[in-house]
Amino acid sequence: MRKVAYVLGLPVVLFAAWYLISAGSESFYAPPLRDILASFGRTWTLDRLQADVLPSLLRLTAGFLLAAVIGVALGVAIGLGPRLRATVEPVLEFFRAIPPPVLVPVIMLFAGIGNGMKIIVIVFGCVWPVLLNTVEGVRAVDSVQLDTARAYGINGFDRIRRVVLPSASPQIAAGLRQALSIAIILMVISEMFAASNGLGFTIVQFQRSFAIPEMWSGIILLGLLGFGLSLLFRLAEGRALRWYHGLRAASKGR
Amino acid sequence: MRGLLGLAGLLVIVEALPRSGLVDDGYLPPTSRIVAALGDEVVTAEFWQAVADTLTAWVIGLAVAVAAGVVVGVAIGAVPVLRAATSSTIEFLRPIPSVALIPLAVLLYGTDLGSTLLLVVYAAFWQVLVQVLYGVADVDPIADETARSFRFGAWARIRHVLWPTALPYVFTGVRLAASVALVLAVTAELVIGAPGLGKMIAVAQTSGAVPDMYALIAVTGLLGVAINLAARAFERRTLAWHQSVRGEVPA
């Protein structure tokens, strides 16, 4: 009971405060929350969700998954080869330091403004945190475990699958979490640049046509989306890394 | 040493790909032309003005975010009731992508510094706040109770127990916030058109000055690397007394 009150208390208070304070608002840019909520139902109908939100989410998923696969594969290769790692590390650091949205104009040159461009933008932005975290995780694999596996003749792909990847997975998960928030940002940015549908495109359209309550409702939807996706990721991570969290909790409680 | 080899390799590849015709040089100009474009840019006053604009937005935004994050974080972290009451709200607000605020920033501030700052502060604030909260949670209960039994007041406890414990976390937060702030500063300039490097990239793109575009993008990358290195060096110097740094064997 107390716990529920703590979880819900402040959000309810803030929401109520926003509702009450904005109730009589004459300001053009900050309309009453009642209007925003009313327009939320009107704006984000099933058709709209299908026409604009679904393509965005599909591009996000495609880009994120591709980045995860590429990042982990390259990361394992680089992490296992110390000489390769020393050679490419500064290049990777440089690519990671480039703010991902500035890649949008470059990728537009190569891939036009279609779905391909948006997916490539997301892949290009997300791959660095996954890649660099995988490299770190692979580097930190217990050398005794590696040697043991070698002594038992576990080689090649099996060694990567049974020893290297499980041991690096907490780090990889940390990289994927960073990548997810970058992916959402890039999904929106790439649609703001050039698109004919999508969440980012629609919100900017509302702003340009001064449909302010609709714009606010779009911002709220984007916020809910970000929150929902991070919740989903946490659940997936909690499931996949249950052994790791259990291990940590056990060693902490000692 | 090998790292230099890698960088040189990248430059050679970028030179060779368009020259061999594998990639259209209208899309990816060879290194030599990008470097030439960079050479033309760095002698202009506009370029340095843009760098200054971007860094101004970065510095102000980061400073505001760090100050707010530390004050709010310590206040929330030091009072258990507040901590319990705010955690759900923080968990909800933190994953909201900062780019969702772009339309709002445009309406409120147009293409001024203000809209860049709004995005930078919003994005960087959470990085600092979350780290400060972790840091405050890490306070050794025995140290805290010792301070209590010596009748340290609330302020003295914050100053002498809580703050030294939280400091390494604060620095991690600042380091993360510094790179996020640069990303958001450039993004805001690129998308909204606030003055700075991002806007120059957008202008280069629309006018088809492809080598200049690549040169400017490389500059943002170099800025990012410089900020990372500076933040790490600063952290190591200021925290020289701390265990996490002391334990590091200089390479």
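Tutor: Rings of Phe, Tyr and Trp, the last taken by its six-membered ring, pair if their centres lie within 6.5 Å. The model examined here is predicted. In chain A, one aromatic cluster is formed by Phe94(A), Phe95(A), Phe124(A) and Trp128(A). A search of the whole structure, over all chains, gives 11 aromatic pairs. For Phe124(A) and Trp128(A), the ring centres are 6.1 Å apart and the planes stand at 75 degrees, so this pair is edge-to-face. The cut-off behind that label is an angle of over 60 degrees between the planes.

Both residues belong to helix H6 (residues 115–139) of chain A, and because they are four residues apart there, about one helical turn separates Phe124(A) from Trp128(A). Trp128(A), with a relative accessible area of 12%, is buried; the limit for buried is under 20%.

Contacts of a residue in another helix come next. Ser190(A) sits in helix H8 (residues 156–193) of chain A. Its relative accessibility is 1%, so Ser190(A) is classed as buried. Leaving out residues up to four places away in sequence, Ser190(A) touches Met117(A), Lys118(A) and Val121(A).

The side chains of Glu237(A) and Arg177(A) are joined by a polar contact of 3.1 Å. With neighbours within four places in sequence set aside, Glu237(A) is in contact with Ala173(A) and His245(A) as well as Arg177(A).

H10(A) also packs against another helix. The axes of helix H9 (residues 199–208) of chain A and H10(A) come within 8 Å and cross at roughly 155 degrees. Because of that angle, H9(A) is roughly antiparallel to H10(A), the cut-off for this class being over 145 degrees. The crossing of H9(A) past H10(A) is left-handed. On the H9(A) side, the residues that meet H10(A) are Leu199(A), Ile203(A), Phe206(A) and Gln207(A). Their counterparts in H10(A) are Glu214(A), Met215(A), Gly218(A), Ile219(A), Leu221(A), Leu222(A) and Leu225(A).

The loop between H9 and H10 of chain A holds Phe210(A). Phe210(A) is not a glycine, yet has a positive phi, near 55 degrees. At 45% relative accessibility, Phe210(A) is classed as partly exposed.

Chain B also has a non-glycine residue with positive phi: Arg151(B), at about 60 degrees. Arg151(B) lies in the loop between helix H7 (141–149) and helix H8 (154–192) of chain B. Its relative accessibility is 76%, so Arg151(B) counts as exposed.

The C-alpha trace of chain B spans about 75 × 50 × 30 Å along its principal axes. Of the 251 residues in chain B, 45% are buried. Among contacts in chain B between residues at least 6 apart in sequence, 69% link residues at least 24 apart.

Conventions. Residues numbered from 1 in each chain as written. Chains lettered and ligands numbered in written order. Predicted model: local features only at pLDDT ≥ 70, side-chain atom pairs only at ≥ 80, totals over all residues. Heavy atoms only, no water. Phe/Tyr/Trp six-rings, centres within 6.5 Å; stacked < 30°, edge-to-face > 60°. Helix = DSSP H or I, 4+ residues; strand = E, 2+ residues; numbered from the N terminus. Buried < 20%, exposed > 50% of the residue type's maximum accessible area, 1.4 Å probe, protein only. Polar contact = N/O pair within 3.5 Å; in protein donor to acceptor, adjacent residues only side chain to side chain. Contact = heavy atoms within 4.5 Å. Axes fitted to C-alpha atoms, helices over the stretch in contact; angles between N-to-C directions. Parallel < 35°, antiparallel > 145°, perpendicular 65-115°, else oblique. Left-handed = near helix turned anticlockwise from the far one by under 90°.
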